[in-house]
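Biologist: Could you take me through this model, with the cut-offs behind each term?

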Amino acid sequence: MKEKYYIITADKNDQDFLYEMLYQSIYVQPDSMKPNKKIIKNPELSKYVANWGKDGDFALIALNKNRIKIGAVWLRFFDTNCKGYGFISEYIPEIGIAVEEKSRGYGIGSLLLKELLKQTKGTIKSISLSVQSANPAMKFYKKFGFYECKKEGDTVIMRCDTST
């Protein structure tokens, strides 16, 4: 029997869970150790979730059949004074996406991203993200219409035009 998942809209009270998903979204090469969890409090990472609920912030959370949070996709606008790793423009929000490790491989990330694209169509023209070139998730993003628009070292900035 196929597991049932639910998607809900996040609010300010979900900031701690979004921090957890931020940590889960950190890619490390196979056979490498994940960094200490404190890394998400560093300004270059915490800015993706800190003070969650600002104007323009939007997130969806996946719940399992027991209504336990297992994944999230979120977007946030940045500006030239505070750029994210996937910054393209202050008019293009950057997304983060993660599913807890034991729940990966069941289509939850696809469900989240599909719903985000559906809910933002017509209101947001494009979204961006950054991904390491060695990360297999690049194929996943391409499936949803993301394309490479800039490369900086081993980081690729991808964009998806949502209005098409």
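This is a predicted model: local features need pLDDT of at least 70, side-chain atom pairs count only at pLDDT 80 or more; totals for chains, interfaces and linings use all residues.

Modeller: Residues are numbered from 1 along each chain as its sequence is written, and side-chain values use heavy atoms, with hydrogens and water left out.

Biologist: Which element gives the most to the lining of the largest pocket?
Modeller: A pocket is an open set of points on a 1 Å grid over the protein atoms alone, where a 1.4 Å probe fits, with protein on both sides within 12 Å along at least five of seven lines, and lining residues have an atom within 4 Å of a point. The largest pocket holds about 1100 Å³ of space, a volume being the space filled by probe spheres set on points joined across faces, edges and corners, and among its 37 lining residues the closest to the centre are Ser 25, Ile 26, Tyr 27, Ile 97 and Asn 135. Helices (H or I, at least four residues) and strands (E, at least two) are DSSP runs numbered from the N terminus. The element that gives the most to this lining, with 6 residues, is E4.

Biologist: How many residues of E4 are buried?
Modeller: Buried means under 20% relative accessible area, exposed over 50%, and partly exposed in between (1.4 Å probe, protein chains only). On one side of E4 lie Glu 94, Gly 96 and Ala 98, on the other Ile 95, Ile 97 and Val 99, and both faces are covered. The buried count for E4 is 6 of 6.

Biologist: Which residue stands opposite Ala 72?
Modeller: Two strands pair if DSSP finds at least two bridges between them, and E3 and E4 pair in the antiparallel sense over 6 bridges. The residue of E4 that stands opposite Ala 72 is Ala 98.

Biologist: How many charged residues are in the lining of the second largest pocket?
Modeller: Asp, Glu, Lys and Arg count as charged, Ala, Val, Leu, Ile, Met, Phe, Trp, Tyr, Cys and Pro as nonpolar, and the others, Gly among them, as polar. The second largest pocket holds about 160 Å³ of space, and its lining includes Lys 47, Asp 55 and Arg 76. Beside 4 nonpolar and 2 polar residues, the number of charged residues in this lining is 6.

Biologist: What span does H3 reach from its first C-alpha to its last?
Modeller: The expected span of a helix is 1.5 Å times one less than its number of residues. H3 has 13 residues, and the 18 Å expected is close to the span reached, which is 18 Å.

Biologist: Is Ser 126 buried or exposed, and which side chain joins it in a polar contact of 2.6 Å?
Modeller: Ser 126, in strand E5, counts as buried because its relative accessibility is 4%. A polar contact is a pair of N or O atoms within 3.5 Å, where within protein one must be able to donate a hydrogen and the other to accept it, and residues adjacent in sequence count only if both atoms are side-chain atoms. The side chain of Ser 126 has a polar contact of 3.2 Å with that of Arg 159, while the contact of 2.6 Å is with Asp 161.

Biologist: What is the phi of Asp 31?
Modeller: Most residues other than glycine have a negative phi. Asp 31 lies in the loop between H1 and helix H2, and is exposed, with a relative accessible area of 85%. Although Asp 31 is not a glycine, its phi is positive, at about 70 degrees.
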